[in-house]
Structures are given as structure tokens and as C-alpha cells.
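The sequence and the model are shown first.

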Amino acid sequence: MTELLEQAIAKLKNLPANEQDAIAAMILAELEDERGWNEAFARSPDMLAKLATEAMAEYRAGKTQELDPDTL
């Protein structure tokens with residue numbers, strides 16, 4: 001375990017049980033989400049490359065718009 005993770009866990013131990021559970025649930029959900037993305041990417045690397053190529057072609061053809069971060 002890293003020192004940073006140990007520090008975080010030490011601080012978590014001082015929180016009420018319900019807050020510890022809430023944070024634990026968030027961490028577990030994040031880990032599961034990351035696992036899901038990793039599996040999806042592993043199953044379809046060719047599809048991702050194809051989508052990236054298509055996106056770049058659209059960008060070069062002037063078919064894209066810059067996103068305004070204030071409207072997101």
C-alpha cells in the first residue's frame with residue numbers, strides 16, 4: 001500500500017461509520033467503473049482506432065465545432 005493511501009485510510013478511520021461507508025461505496029464504484037472501461041477497451045481496440053481515425057478525418061474536413069466549456 002502506498003504512503004498516500006495509508007494517510008487517506010488513517011483519516012477515514014476518524015470519520016463516522018456512515019461517512020466511511022459512503023466513501024467506501026464511492027471508491028468501489030469507481031474501481032468497478034474503471035474495470036468495465038478497461039474490459040470494453042480490451043474487447044474492441046480496432047473499433048477505437050477506427051473511431052479515432054473517423055474523428056480526425058471529420059476534424060481535418062472542417063466538420064467539427066470547438067466546444068465552449070461555458071455551455072457544457
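The sections below cover the basis of the values, the salt bridges and one further residue.

## Basis of the values

The model is predicted: local features need pLDDT of at least 70, side-chain atom pairs count only at pLDDT 80 or more, and totals for chains, interfaces and linings use all residues. Residues are numbered from 1 along each chain as its sequence is written, and side-chain values use heavy atoms, with hydrogens and water left out.

A salt bridge here is a side-chain nitrogen of Lys or Arg within 4 Å of a carboxyl oxygen of Asp or Glu. By this rule the model has three salt bridges. Helices are DSSP runs of H or I with at least four residues, numbered from the N terminus.

One of the salt bridges pairs E32 with R35, and their closest N and O atoms are 2.1 Å apart. Both residues belong to helix α2 (residues 17-43), where a spacing of three residues separates them by about one helical turn. R35 also forms a salt bridge with E39, with the closest N and O atoms 2.3 Å apart. E39 and R35 are four residues apart in helix α2, again about one turn of the helix.

Partly exposed denotes a relative accessible area between the buried class (under 20%) and the exposed class (over 50%), computed with a 1.4 Å probe on protein chains only. E32 is partly exposed at 41% relative accessibility. R35 falls in that class at 36%, and E39 is partly exposed with a relative accessible area of 37%.

In helix α3 (residues 45-60), K50 and E54 are four residues apart, about one turn of the helix. Their side chains meet in a salt bridge with an N to O distance of 3.9 Å. K50 is partly exposed, its relative accessible area being 48%; E54 is partly exposed as well, at 38% relative accessibility. As for shared partners, salt bridges join E32, R35 and E39 into one network.

## A10 in helix α1

Where does A10 lie? A10 is in helix α1, which spans residues 3-12. With a relative accessible area of 40%, A10 is partly exposed.

A10 and L31 are 21 residues apart along the chain, and their C-alpha atoms are separated by 20 Å.

Technical notes:
Helices (H or I, at least four residues) and strands (E, at least two) are DSSP runs, numbered from the N terminus.
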